[in-house]
Amino acid sequence: MNKSVHKFGGSSLSSAARYHAVANIIISHCQLGDSIVVSAAGKTTNTLVKLWQCYQQNDAQGICDVVKLLKNHQVELISELLIDEQQVHALGKLNIELDAITQLAQQNKLIEAQLLAHGEVWSSRLLAQYLTQLDYKAHSFDARDLLLLKDGQLQHDTNQKSCEVLNALQFNVVTGFIAKDIDGETVTLGRNGSDYSATLIARYCNAQSVTIWTDTQGVYSTDPRKVKHAIKYSKVCREQANLLARLGNPVLHAKTLTPLKETDIKLVVRSSFDSHSGGTEIVKKGSAKQKHFLTTLDNHDLVKIEELADGEIGELSQLIQHSLHHFDLDGDTYLLIPASYTHTVINHLSGRANLIESNLFGLGIVCPNSVAQQLTEQASKLLQKYNINVRFAFSQKDLLGNEYGLVLCEQAFDTDLLTVLHDELISDSQELAVIVAGLGNVGATFIEQLEQQLIRLNQLIPVKLVGLVRSKSMLFNTDGIALSDWQPQWQNTAVSYEKETLINQLEQLDYEHKVVIDITASEEFSLLYPDFASQNCHLISANKYAGTAQTSWYDSLREKLSERNLKWRYNTSVGAGLPINFALNDLQHSGDKVERLSGVFSGTLSWLCCEYDGAAPFSELLLQAKGMGYTEPDPREDLSGRDVQRKLLILAREVGLSLDLDDIELTPMMPLELTQGDWQSFLDKRDVLDVYMDEKLSNAAKDNLVLRYVAELNLTENKLIAKVGLSAVAKDDPLATLKAGDNIFVINSQWYQENALVIQGPGAGKEVTAAGIHSDLYWLTNSLVK
């Protein structure tokens, strides 16, 4: 029936602008028939609680003042969102309800739950009216007509039948937080009960998914508002999420997960303030690896309880409208209670509770089994180092077998201290998943080298090869592909794929960090880079196409990577393993300015120019190079100079220039007439190439010069010079003295004017290129742990 349930909290509806943003999310992400569960707008529930407190204290003036606050906020929302008759009708209804509240207070007939319910009723009604005004079918539902309790227990069969009223042809906007009992009286589901309402409705309607839209982008390793480098997890198992909730994590709440037990309903936490970013999926056990978390508890009391009855913790949670955590230690049962509720709980337990410690601050450590004790001890020692008085510290398993640690102290955990704890306890838990695309000579060599390289990489962060991709097939293993026999695994288990299949595989990878290493020469594959970025993948490219794409596409990719704090390394796209990109980066970051860059960027053309002395026709030398595997299958691709042109563009962009390929003047190393036709037609006219090159060589020899295929970028003149072509250079020039097959890069800058910075070495070869990719991978890995 209902496809999905979406829940929006109070912060998502705190102003007219936020209502507008939520409406846009609904229009973009929801379908007719979906249910939209809402909390009270902004701080409305707090204001209603304040009104109840004034009523209990017989504070007539306070009641009047608080009602005025409520009215001002609601009138502001209605006036900014609704127009014409809808606005008049909504304001009229609001005035009637506020007058009724005032009258009930005066008559001493105010009921707390009925009072608190107004916040959600106002939100759902206003959102439905606003969607209707935008020409979308929407209807507001009071959850008291959908959710029934008897003796505190939900009546599931009745509720499932009641939820059939939710219409498949409209947006169903439902109040969160509230239900009714068998006597028709309003019942609240606890603070933050709207999340619980959403999962209940999803269960009753057999929805496919529930999305909790909140003010954070998902579930993090700790509070991202306090710790800058908190890790956002793409997946968290339900058991750990439930434990986190009981330890006070504010993103998910303990009861929220209960209705999803033994269902396939997907639960996702996303940000209504950044709806384009991915969220965190809460998945069933076995669908995600266990993660590491730190969560804090502020100002709690520790109470020892005698003879705790079954279900009594739930009753106490309902009593104070707050989740509670209890644990057994050395044969005794303890309960952690927010200090403001301690008196209520102790009174309710009537002599079975004793206050042990007051005003404590807690650090909860949720982690994979087997490491809780170690991390708890480590946390205690670290806190003592910072002169924090630790009152309790222990680790144990909860009833579901999930390990956690708890440290209780007398001082609060400020931002700096929590950051230190996170760096020491959590950061080391990150893993990097490596996906290699391109399994030719360089790709195979890279994998062969990886086994030895992992010894170094794993000292920084655990690294696993989890994916292999070729043009039509792929192999993924989330636990890691054995490097010793990857080729048999590929032959036996690789499957064909389409773009969507590959992207889905990347999305499903449950790793803190992912990197796609592109060792293909495919322009089509490079066009997937934005999709890889959307799946939070870092990029390492030996492929030149993305780095030389149209400026608008290139800039868009750069922006997308930057928004997600993702890295893109491509040192081997120019110069194989030579550190030319590193050098240009270092010069600029140290305050230097590159003024001129020239060189020989092609190993193939370097070899041809160095070996060609006129003793034999140039075409014979070209065929010799082809036979030795130095050239492309059609050597005219090398002679065209396009590869050198792309490399120069990559370096130009590296020094901050906004250029496209067409901005670089290109002169091929052959007559234009030879670019037409197939390879055989070229061979039939090879004498044209021989005459062309013999003339170039003779003219250079007259001036005692030598031929080199040169790329040049000159920034010293008023007009930018960017060109690629055959040049005659002096014999004492650095370009003339290079070894056949080498690349050379000559950099003139403010600091290297008269005496240029020269980088020279092999410009091709599977071993050096693979090593250059490993250099990029090491740089990435190192940056992830800083």
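This is a predicted model: local features need pLDDT of at least 70, side-chain atom pairs count only at pLDDT 80 or more; totals for chains, interfaces and linings use all residues.

Me: How many residues apart along the chain are Thr781 and Leu460, and what separates their C-alpha atoms?
Reply: They are 321 residues apart along the chain, and 6.8 Å separates their C-alpha atoms.

Me: Is Thr781 buried or exposed?
Reply: Thr781 has 0% relative accessibility and the cut-off for buried is under 20%, so Thr781 counts as buried.

Me: And which helix is Thr781 found in?
Reply: Thr781 is in helix H26, a helix that covers residues 766-784.

Me: Asp776 is in H26 too, I see. What does Asp776 touch, not counting residues up to four places away in sequence?
Reply: Asp776 touches Ile540, Arg569, Tyr570, Asn571, Thr572 and Phe582. With Asn571 there is a polar contact: the Asp776 side chain reaches the backbone nitrogen of Asn571 at 3.0 Å.

Me: Buried or exposed, that Asp776?
Reply: Buried, with a relative accessible area of 0%.

Me: Switching to lysines. Where is Lys291 found?
Reply: Lys291 sits in the loop between strand E14, residues 280-283, and strand E15, residues 293-305.

Me: Now Ala533. Where does that lie?
Reply: Ala533 lies in helix H17, which spans residues 529-534. Ala533 is buried, with a relative accessible area of 0%.

Me: Which residues is Ala533 in contact with, beyond neighbours within four places?
Reply: Ala533 is in contact with Lys560, Leu561, Arg564 and Leu566. As for Lys731, which is 198 residues away along the chain, its C-alpha atom is separated from that of Ala533 by 47 Å.

Me: Let's talk helices. How is a pair of packed helices described, and by what?
Reply: By the angle between their axes and the distance between the axes.

Me: Good. What are the angle and axis distance for H2 and H3?
Reply: H2, residues 44-56, packs against H3 at about 160°, with the axes 8 Å apart. The two helices are therefore roughly antiparallel to each other, and their crossing is left-handed.

Me: Which residues meet there?
Reply: From H2, the residues are Thr44, Thr47, Leu48, Lys50, Leu51, Cys54 and Tyr55. They meet Gly62, Ile63, Val66, Val67, Leu69, Leu70, His73 and Gln74 of H3. By class, that contact has nine nonpolar, five polar and one charged residues.

Me: And H3 with H5, at what angle do their axes cross?
Reply: H3 (residues 60-81) and H5 (residues 112-133) cross at roughly 10°, and their axes come within 10 Å. This pair is therefore roughly parallel.

Me: Which residues are involved between H3 and H5?
Reply: Leu70, Gln74, Leu77, Ile78 and Leu81 of H3 meet Trp122, Leu126, Tyr130 and Gln133 of H5.

Me: One more pair: what's the angle between H20 and H21?
Reply: H20, residues 603-611, and H21, residues 618-627, pack at about 140°, with axes 10 Å apart. They are therefore oblique to each other, and H20 passes H21 in a right-handed crossing. The contact is made by Trp607, Leu608 and Glu611 of H20 together with Phe618, Leu621, Leu622, Gln624 and Ala625 of H21.

Me: Last bit, the whole chain. How many helices and strands are there?
Reply: The protein chain has 26 helices and 33 strands. Of its 786 residues, 54% count as buried. Its C-alpha atoms fill a box of roughly 110 × 65 × 55 Å along the principal axes.

Definitions and conventions. Residues are numbered from 1 along each chain as its sequence is written. Side-chain values use heavy atoms; hydrogens and water are left out. Axes are lines fitted to C-alpha atoms, for helices over the stretch in contact, and angles run from 0 to 180 degrees between N-to-C directions. Helices (H or I, at least four residues) and strands (E, at least two) are DSSP runs, numbered from the N terminus. Angles under 35 degrees count as roughly parallel, over 145 as roughly antiparallel, 65 to 115 as roughly perpendicular and the rest as oblique. A crossing is left-handed if the near helix is turned anticlockwise from the far one by less than a right angle, and right-handed if clockwise. Contact means heavy atoms within 4.5 Å. Buried means under 20% relative accessible area, exposed over 50%, partly exposed in between (1.4 Å probe, protein chains only). Ala, Val, Leu, Ile, Met, Phe, Trp, Tyr, Cys and Pro count as nonpolar, Asp, Glu, Lys and Arg as charged, and the others, Gly among them, as polar. A polar contact is a pair of N or O atoms within 3.5 Å; within protein, one must be able to donate a hydrogen and the other to accept it, and residues adjacent in sequence count only if both atoms are side-chain atoms.
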